[in-house]
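Hi,

Here is the structure I promised to pass on. Could you take a look at it before reading my notes below?

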Amino acid sequence: MSEPIAVDLCVIGAGSGGLSVAAGASQLGMKTVLVERGKMGGDCLNYGCVPSKSLLAAAKRVKLARANAPFGLGDAAPAVDFAAVMRHVHQVIAAIAPQDSVERFEGLGVRVIRASARFLGRDEVAAGDVRVRARRIVIATGSQPVAPPISGLDQVPFLTNETVFENEILPTHLVIIGGGPIGLEMAQAHRLLGARVTVLEAARVLAKDDPELATLLVERLRADGIVIEEGAKIRRVERAGAGVALFLEGASGERRIEGSHLLVATGRRANLGDLDLAKAGIAVSERGALVLDRRLRTSNRRIYAVGDAAGGPQFTHVAGYHAGIVIRNALFRLPAKVDYRALPWVTYTDPELAQVGLTEGDALKAHPGDVQVLRWPFHENDRAQTERETQGLVKVLVRKNGRVLGASILGAHAGELIQSWGLAIAGGVKLSTIAGMIAPYPTLGEASKRAAGSFFMPKLFSERTRRIVRLLAHFG
Ligand SMILES: Cc1cc2nc3c(=O)[nH]c(=O)nc-3n(C[C@H](O)[C@H](O)[C@H](O)COP(=O)(O)OP(=O)(O)OC[C@H]3O[C@@H](n4cnc5c(N)ncnc54)[C@H](O)[C@@H]3O)c2cc1C
């Protein structure tokens, strides 16, 4: 190995988190090295957000076409060419890839090394045969899918997010283990494109989301023809011809489900195993996760972690948020800390399910006796009526003093609508401001304004007001 190159910052991993740190640091004048062993852009671009949303976009067009009749239009479902749909998915990846490319980052002044990185010491990394000594190091190595310990699973072929977008043959029956956002998005995409789909979830689907809205979403997905089993106990899996057979515990003995394809979407583990963390003096928990403070520093104060590797919420926008925290700490020595109070997330099914801040259950636990639930159904929104997108609900959790704790939205464009609630939580915006906002008519956003306004309704119609109304009615 050659003499070490000395830099200000070494970033390990060129996914959402690593790219954001490297771009920010180099533009602020830091000598930066970025090490990537796989594809530039990491999971989000290549195996995650971008392909999954592209596949869903194609699938939703099928659903829209089938729902044309009430608009006075023909409702012939389009013919699906699954291989062509996958070509669309890869075209979208290719369209975004230049943003994350080696060329772009080298243009920003970052030295990109295409190799696997591991620690050699407290401030030194081996990137292939290049030694890098850095004042600061950022672990941005992302995560990988974890398969559950089901007997026989290691003996059968199964898809994960890393392979499912390479599959050009429409499954006749796709069985998905895992009812989280990834499992449900893939379930709906494949179902709408013509596959039979069964989702097997050991607990309840979308366990981190509001149970009421998650249940409504499950009803909608079932109406699309997806079989969803919650509390499913899979005993074993075995090959069945070209597909797989799953054996489930049932009330009257074992049940068998056969699928042409199996997708495992049961959670993800941080990529830390190859890093030789001990050589850098980086502590890990009993479960092997990085021990970080709220400034995202490891036990070696020169080394930070961002994104999925940090072991917290696994989203691209979290990786980007982490990057900002690390840049402020490592470059400007500002003690910026992570704060997830206004963290949003979205499941991009049709309808979308979006969450920010606390769910109802968490709000009740955190503020017993001091939580009011505000609701506004989509069917009372005129734009939802014009679009025939009337199923859905805005649900907002507020304290008695009107402080917004969280919001959950199920419905069309929920991922867009949730953002004003994120702003309300982060900026401490008063409910009266949201209720008094002039919202353009007709927009779905009016549902948020109405939900906020409903907080003041009982006060407007207090017992005194009601008594006056009754008296007036008596004399009138
Ligand atoms: C199917 C799916 C759909 C998703 N959809 C969404 C969504 O809609 N919205 C959302 O916000 N999030 C979504 N996510 C999550 C999102 O993709 C991740 O949270 C995000 O990619 C994390 O970014 P990261 O930078 O931490 O890791 P990654 O993007 O995984 O990047 C890590 C990089 O580090 C590299 N690496 C690892 N170890 C080493 C090493 N030792 N040396 C060198 N390089 C290394 C890897 O090759 C990889 O390129 C989705 C995930 C999946 C799987």
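A backbone N or O atom of Cys-44 sits 3.3 Å from an oxygen atom of the ligand, a polar contact in the sense of a pair of N or O atoms within 3.5 Å. A ligand nitrogen is 3.2 Å from a polar backbone atom of Arg-37, and an N or O atom in the side chain of Asp-308 lies 2.8 Å from a ligand oxygen. Taken alone, the ligand exposes 1,000 Å², and the protein buries 93% of that (Shrake-Rupley areas, 1.4 Å probe).

This is a predicted model, where local features need pLDDT of at least 70, side-chain atom pairs count only at pLDDT 80 or more, and totals for chains, interfaces and linings use all residues. Numbering runs from 1 along each chain as its sequence is written, and side-chain values use heavy atoms, with hydrogens and water left out.

Around the ligand there are 36 residues, of which Gly-17, Glu-36, Lys-53, Asp-308 and Thr-316 come nearest (a residue counts if one of its heavy atoms lies within 4 Å). By class, this shell has 13 nonpolar, 16 polar and seven charged residues; Ala, Val, Leu, Ile, Met, Phe, Trp, Tyr, Cys and Pro count as nonpolar, Asp, Glu, Lys and Arg as charged, and the others, Gly among them, as polar.

Happy to hear what you make of it!

Best wishes

Technical notes: Polar contact = N/O pair within 3.5 Å; in protein donor to acceptor, adjacent residues only side chain to side chain.
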